[in-house]
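Me: Got a model open here and I'd like to talk through it. Can you walk me through a few spots?

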Amino acid sequence: MEYQTLHWKGDATGSLCMIDQTLLPTEFKEIDCWTVEGVWEAIKMLRVRGAPAIGVAAAYGVVVGTRELREASRQDFNKKLTEVVKYLASSRPTAVNLFWALDRMSALALKESSLASLAMHDRLLEEARRIHVQDREMCAAIGRHGSELLKSGTGVLTHCNAGGLATGGDGTALSVMFAAAAAGKSIRVYADETRPLLQGARLTAWELQQRGIPVTVICDNMAAQVMKEDRIHAVVTGADRIAANGDAANKIGTYGVALLAKAHGIPFYVAAPSSTFDLSLSTGDKIPIEQRSREEVAEGFGRQTVPEGVDVYNPAFDVTPADLITAIITERGVVQRPNRELIAAHLAEDAIA
Ligand SMILES: CSC[C@@H](O)[C@@H](O)C(=O)COP(=O)(O)O
């Protein structure tokens, strides 16, 4: 089945259309966001989720949010743009791609300060489309580089969903698996279910099934046993923000998987585009970790699973220290044994492959 995680519909006065990922795998439904509040809600509620996809959605969200000011003075347009950017930035705190995309939209408006509002708004849509296309290209390049690391016959564990549903293209971690399969390698993917919102069970399993790649879902607490049984030979995950020293934030549970991989001598790979790096943070302990609601844990299966009055702690992400990461795969290539110096060199302007 052909699908697009998100896309712009119509001309510059159109809407942002996206798959409502909260309904998968039982219902495939697209929703149209006509207001910036609708885009904010879709990001907050994980209708659209995954670091790169959140960035693309936010860029289109700026276009939605400034649409009514197309005929206004440029001063009023700029005021609205600043409000819209600030508002969208408040939707989720951890994925740096959100802020990266919003910064790009703001920087363009600043650079094009002499344009009338109408032309400026058209330019913002072009920029959002460019961010989307570039994300698609980055995913493809990550797949090409990463697939070299997987041999035929590999069992691959992944956590959460870092597939096409999480990006504007084919995904980051899953792009590696799609490219390996396309190259004729036989792989089996183990997908951690990923409590509490089950992105692995609902979304990763769905995507792999759509692409005809063998996938087995395991509960999060089964990974150690499955590794011990020698079913897993590599772990590949995505990331939401990578600090300058290589510490990588990803869905809660990823750090535990990295520790298990180390204990079993299994390589642990992180696949992420350069837009996921935050070089302003020297280490991962500075990465803001989103805290989510009690209900996601206590009522996650459509019924109450925790006694009333009992506290629940629900951090949405954790940080895997760089020394547990075998390599980081970006659109530029592979950084083996990542550290501050290697990452700086890899991301330097002239290092593009
Ligand atoms: C290519 S997506 C990488 C990450 O964003 C992904 O692994 C993840 O943790 C997503 O979390 P989510 O809370 O579903 O947005």
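Me: How many bridges join strand β4 to β7, and do they run parallel or antiparallel?
Reply: Strand β4 (residues 154–158) and β7 run parallel, joined by 2 bridges. Strands are DSSP E runs of at least two residues, and helices are H or I runs of at least four, numbered from the N terminus. Strands pair if DSSP finds at least two bridges between them. This is a predicted model: local features need pLDDT of at least 70, side-chain atom pairs count only at pLDDT 80 or more, and totals for chains, interfaces and linings use all residues. Residues are numbered from 1 along each chain as its sequence is written.

Me: Which residue stands opposite Val156?
Reply: Ala234 in β7. β7 also pairs with strand β10 (residues 268–271), parallel again, over 3 bridges, and there Val236 stands opposite Tyr269.

Me: Which way do the β7 residues point?
Reply: Ala234 and Val236 point one way, Val235 and Thr237 the other, and all are buried. Buried means 20 or more other C-beta atoms within 10 Å of a residue's own; exposed is 12 or fewer, partly exposed is in between, and C-beta atoms are placed from the backbone.

Me: New topic: where is Asp240?
Reply: Asp240 is in the loop between β7 and β8 (241–243).

Me: Why does Asp240 count as buried?
Reply: Because it has 32 C-beta neighbours inside 10 Å.

Me: What does Asp240 touch?
Reply: Leaving out residues up to four places away in sequence, its contacts include Ala51, Thr94, Asn250 and Phe317. Contact means backbone-placed C-beta atoms within 7 Å.

How values were computed:
Two residues are in contact if their C-beta atoms, placed from the backbone, lie within 7 Å.
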